[in-house]
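Subject: Handover of a structure for your study

Dear colleague,

Please find the sequence and the structure below. I would ask you to keep both in view while you read the notes that follow.

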Amino acid sequence: MIRFEDIGLRYGSGPEALRDINLTLEPGSFHFLTGASGAGKSSLLRLMYLGLRPSRGHISVFGHDVAGLKRADFPALRRQIGVVFQNFRLLDHLSALDNVALPLRMAGVGEAEIREHVVELLHWVGLGDALDAKPPTLSGGQQQRVAIARSVIARPRLLLADEPTGNVDDSIGMRLLYLFEELNKLGTTVVIATHNEGLIARFVHPRLHLERGALSVVAAGTPMTPPQMPVAPVLPAGLATSQSLSGSWLT
Amino acid sequence: MIRQRLDLPLAEDSTGRFLVWIMAVMIYLAIVALAGSMVLAGMAGRWESGLTGRLTVQIAPLPDQSVAPLAQRTEVTLALLRSTPGITRAEPVGASAAHKLLEPWLGNALLDDLPLPALIDVEVGPGAGLDAAALAERLAGAVTGARLDNHAAWLADLRILAHTAQLVALAVVLLVGGASVAAVVFAVRTGLAIHSPVVELLHIMGATDAYVARQFQTHVAGLAFRGGLVGLGLAALTLLALRLAAGDTPVGLMPDMTLGFREWLALVAVPLVAAALAVVTARWTVLRVLTRMP
């Protein structure tokens with residue numbers, strides 16, 4: 001499905017954001033992707049959805065060596081990948097329905113079929129009464145559900161989600177993860193980047209853990225060592241001495 | 001007007017509004033230039049077809065007492081012309097017709113006092129192979145004050161004028177077309193720059209470059225068509241105003257401003273051609289820019 005060999009990624013002339021990544025995602029697998037902020041989770045996902053080219057190494061997607069692909073070959077591969085972005089990346093001038101319909105329109109599906117499937121899915125994610133709503137009028141959680149619906153509407157072979165439950169409460173978060181699991185059972189390979197240890201603990205899936213650009217695979221059910229946190233947040237000196245900061249603000 | 005849903009929010013750009021007016025002005029200029037060229041071409045064509053195969057003999061009124069009177073010389077000239085092989089008709093132009101021809105230029109009062117030459121309208125049979133120079137020589141020898149005009153110099157000047165005017169109109173249309181293409185390229189490149197995050201998103205979702213290009217094509221086609229309608233409307237009003245202004249001018253001083261059905265059809269096609277050119281330009285620009293992207 002996806003194979004990374006000795007992948008390194010560098011932005012400009014900076015240090016490597018990802019280094020020596022070796023990874024194989026088998027068809028139908030389900031992984032959580034974890035790591036601290038800045039560890040390289042989003043970069044790894046961008047490489048997976050072919051939004052970036054690595055600085056070194058080889059990537060193979062659905063059996064195709066990415067380095068050998070022509071520009072015209074990418075759309076067909078990308079249509080088999082659903083992506084949920086951390087900041088949703090919805091199109092504000094389009095309705096929820098039109099946002100979700102985008103992947104189907106690109107695939108050339110007929111309008112009647114599009115409407116039927118999109119309306120059904122939006123009802124399923126609890127947005128049946130917001131079909132014509134524009135994203136700016138929706139709450140963060142509703143926008144996230146639109147983004148998730150858009151990522152799965154075309155039944156992708158690979159689903160990549162960057163913090164898909166970040167803006168929803170636990171019950172909706174669980175419901176969305178169950179949706180991902182259902183898709184996984186139907187054959188979709190799933191990778192979900194998340195910080196939510198509580199949600200991860202309720203599912204038995206291996207995790208890909210990134211730390212300072214290096215990847216390790218942790219077997220399902222293995223508890224993670226909680227990150228070492230200072231007893232009290234260390235604020236910059238200027239902020240810590242500011243009179244405007246009250247104790248309640250920090251809590 | 002039906003507005004098609006676009007994945008890219010191009011309708012919200014200010015570039016769209018400026019493109020409508022640019023296209024309107026360009027199409028206005030192109031239509032007026034083309035119409036001017038058509039009017040001149042029509043005028044030249046009518047004059048040429050009216051003058052081809054025609055000769056005019058002019059017999060000057062001479063105050064010299066030793067010369068035969070004008071009427072007598074006219075009769076001699078007519079006899080000579082009618083006996084010349086190849087000439088199918090030779091008729092004197094009546095005094096009233098001659099007055100009517102000269103009236104716009106000299107005025108009515110002056111004409112009554114002026115000694116006017118006698119004019120003879122001559123028709124030459126097609127393929128007669130008449131030697132105009134030899135005939136002019138014979139006339140000059142036989143009748144004092146007779147002069148043959150075969151309109152060759154006049155027609156040559158008219159052809160040059162008409163062709164020059166057509167070339168100027170063509171140059172204007174080409175310049176206007178080039179400026180329109182440049183405006184579309186600028187608007188599309190600006191749109192691509194403004195909406196690059198959305199274009200990137202569409203690519204991530206599997207859009208082909210052609211899919212993105214179609215978004216711009218649809219948008220630009222609508223703008224160009226709207227601009228074209230405005231330009232066509234303004235040009236039609238201008239041509240109508242010119243036609244009305246020229247309505248009372250005596251024939252001969254001003255070209256006939258009337259355009260035929262086919263000519264109007266050609267002018268109406270200008271906005272459509274412009275819209276097609278804009279669409280092709282938009283597609284070419286988008287594909288060219290996207291191909292350079294990683």
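Which residues of helix 1 of chain A are buried? They are Lys41(A), Ser43(A), Leu44(A), Leu45(A), Leu47(A) and Met48(A). Six of the eight residues of this helix, which covers residues 41–48, are therefore buried, so the helix is largely enclosed by the rest of the structure. Leu50(A) follows helix 1 of chain A and has a positive phi, near 60°. Please bear in mind throughout that this is a predicted model. The predictor assigns the complex an ipTM of 0.84 and a pTM of 0.75.

Strands of chain A

Strand 3 of chain A, residues 30–35, is mostly covered, with six of its six residues buried. In a regular strand, side chains alternate between the two faces of the sheet. In strand 3 of chain A, Phe30(A), Phe32(A) and Thr34(A) point one way, while His31(A), Leu33(A) and Gly35(A) point the other way. Strand 3 of chain A pairs in the parallel sense with strand 8 (residues 189–193) of chain A over four bridges, and Phe32(A) has Ile192(A) as its bridge partner there. Four bridges also join strand 3 of chain A to strand 9 (residues 207–211) of chain A, again in parallel. In strand 9 of chain A, Arg207(A) stands opposite Phe32(A).

Strand 1 (residues 2–10) and strand 2 (residues 16–25) of chain A run antiparallel and are joined by six bridges. Ile2(A) stands opposite Leu25(A) of strand 2. These two strands form a hairpin with five residues between them, where Gly12(A) takes a positive phi near 60°.

Chain B

Chain B has a mean pLDDT of 84, and 92% of its residues reach 70 or more. Its secondary structure comes to nine helices and four strands. Why is chain B described as more spread out than a compact globule? Its radius of gyration is 30 Å, well over the 19 Å that the globule rule gives for 294 residues, so chain B is more spread out than such a globule. Along the principal axes, its C-alpha atoms fill a box of roughly 100 × 40 × 25 Å. Buried residues make up 28% of the 294 residues in chain B.

The four strands of an open sheet in chain B have the order 2-3-1-4, with antiparallel pairing. Strand 2 (87–93) and strand 4 (146–149) of chain B stand at the edges with a single partner strand each, so one side of each has no neighbour in the sheet. On average, neighbouring strands of this sheet are turned by 20° against each other, direction ignored. Strand 1 (residues 54–59) and strand 3 (residues 118–124) of chain B pair in the antiparallel sense over six bridges, and Arg54(B) has Glu123(B) of strand 3 as its bridge partner. Helix 5 (residues 132–142) of chain B lies across strand 1 and strand 4 of chain B and runs at about 165° to strand 4.

Where the chains meet

In the interface, 14 residues of chain B are in contact with 15 residues of chain A. Helix 7 (residues 196–204) of chain B gives the most to the side of chain B that touches chain A, with three residues. By class, that side of chain B has eight nonpolar, three polar and three charged residues.

Notes:
Residues are numbered from 1 along each chain as its sequence is written. Chains are lettered from A and ligands numbered from 1 in the order in which they are written. This is a predicted model: local features need pLDDT of at least 70, side-chain atom pairs count only at pLDDT 80 or more; totals for chains, interfaces and linings use all residues. Two strands pair if DSSP finds at least two bridges between them. Two residues are in contact if their C-beta atoms, placed from the backbone, lie within 7 Å. Ala, Val, Leu, Ile, Met, Phe, Trp, Tyr, Cys and Pro count as nonpolar, Asp, Glu, Lys and Arg as charged, and the others, Gly among them, as polar. pLDDT is the predictor's confidence in each residue, from 0 to 100. Axes are lines fitted to C-alpha atoms, for helices over the stretch in contact, and angles run from 0 to 180 degrees between N-to-C directions. A residue is buried if 20 or more other C-beta atoms lie within 10 Å of its own, exposed if 12 or fewer, and partly exposed in between; C-beta atoms are placed from the backbone. The radius of gyration is taken over C-alpha atoms; the globule rule is 2.2 Å times the number of residues to the power 0.38.
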